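Student: I would like to go through this model with you. Could we begin with its overall dimensions?

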Amino acid sequence: MASAYEDSPPAGFRFARLDELDRVPLEASLWRPVRRHLGVSAFGVNAYTADEPGQELIERHDETSPGAGGHEELYVVLTGRATFTIDAESVAAEAGSMLVIEPGVTRKAISAEPNTTVLVVGGEPGAALPPSPFEYWYAAIPAHEAGDHEGAYEVAAEGLEHWPEHGTLHYVLGCERALAGRREEALEHLRIAFANDPRTREWASEDGDLDSIRDDLELPGPH
C-alpha cells in the first residue's frame, strides 16, 4: 500500500509503513532499518522480524560490546508474540508489550508466533532529559480528576526542577493551589505564568478552577 504522502511529503515530516522497509537477512531474523529509512537523528530505532516461531529476534547482548551503542533500549512488540530472556528471567510479550532494558543487562528474544516484529528504540541514558514540559501536567491529570489537588500539585511541581519559569506549568500549579485553597501560593504561580506566557491570562479569564481567587487577579469571570 502506497503512502498518502508519497508524491508530495510535507516539510518536516517523513512517513513509512513497516512493510516498506528492507528485510535484511541476519543469521536468524530480518533487520528492518527504520532509522536509515526515515533519516532519524535524535535516537536509534530499528526493527527485527521473524517469520516463523522459534526464530531468534534479538541476539543475546548487553549493549557493551564493540558493535553496541551503550544504549538504554525500549523494545515494543508490534506484531505477533515474543519471549524475552533478561539475564535469567523469561518474559512473555504479546503485541503491544513494552520493555525497557538498561545497558549492562543481558537480553535476547525469540519469536513465539509467526510474523513477529519487535521495534527497538535506543539512546544514551539521560540523553532524552529534561523531559518535555507537558509530561508533568499530563501526569497530574489523574490526581486532578480524582479531586486530589495536593497530589496533582506534587506531580506537576516535579517539572520545576527543569522548567522553573515555564508559563503553562506555573498556570497548572496555580490552578491546583487555588482548588486546594492555597491562595497566596496560587497567586504567585499565576503571576509567573502571566509574565512568561501571555496566553495564560486569557485562559484564566475562562477557567472556573480560579474562581476562588478571581478578584485577586483582577480578571473577569467566565462568560
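Tutor: The radius of gyration is taken over C-alpha atoms, and the globule rule is 2.2 Å times the number of residues to the power 0.38. This is a predicted model, in which local features need pLDDT of at least 70 and side-chain atom pairs count only at pLDDT 80 or more, while totals for chains, interfaces and linings use all residues. Residues are numbered from 1 along each chain as its sequence is written, and side-chain values use heavy atoms, with hydrogens and water left out.

Student: What radius of gyration does the protein chain have, and what would a compact globule have?

Tutor: The protein chain has 24 Å, whereas a compact globule of 223 residues would have a value near 17 Å. Along the principal axes, its C-alpha atoms fill a box of roughly 70 × 50 × 30 Å.

Student: How many helices and strands are there?

Tutor: The protein chain holds 8 helices and 10 strands; these are DSSP runs numbered from the N terminus (helices H or I, at least four residues; strands E, at least two).

Student: Turning to electrostatics, how many salt bridges does the structure hold?

Tutor: There are 13, a salt bridge being a side-chain nitrogen of Lys or Arg within 4 Å of a carboxyl oxygen of Asp or Glu. One of them joins R107 and E73 at 2.7 Å, N to O. R107 lies in strand β9 (residues 107–111) and E73 in strand β5, so this pair ties together parts 34 residues apart in sequence.

Student: Is R107 buried or exposed?

Tutor: R107 is buried, because its relative accessible area is 0%; buried means under 20%, exposed over 50%, and partly exposed in between (1.4 Å probe, protein chains only).

Student: Which side chain does R182 meet in a salt bridge?

Tutor: R182 pairs with E150 at 3.1 Å, N to O. R182 lies in the loop between α5 and α6 (183–196) and E150 in helix α4, so the pair ties together parts 32 residues apart in sequence. R182 is partly exposed at 33%, and E150 is partly exposed at 28%.

Student: Now the backbone. Which peptide bond is cis?

Tutor: The bond from L129 to P130 is cis, with omega near 0 degrees. P130 is found in the loop between β10 (116–123) and α2 (134–139).

Student: What about the phi of E63?

Tutor: E63 is not a glycine, yet its phi is positive, at about 70 degrees. E63 sits in the loop between β4 (56–61) and β5 (72–79), and its relative accessible area of 8% makes it buried.
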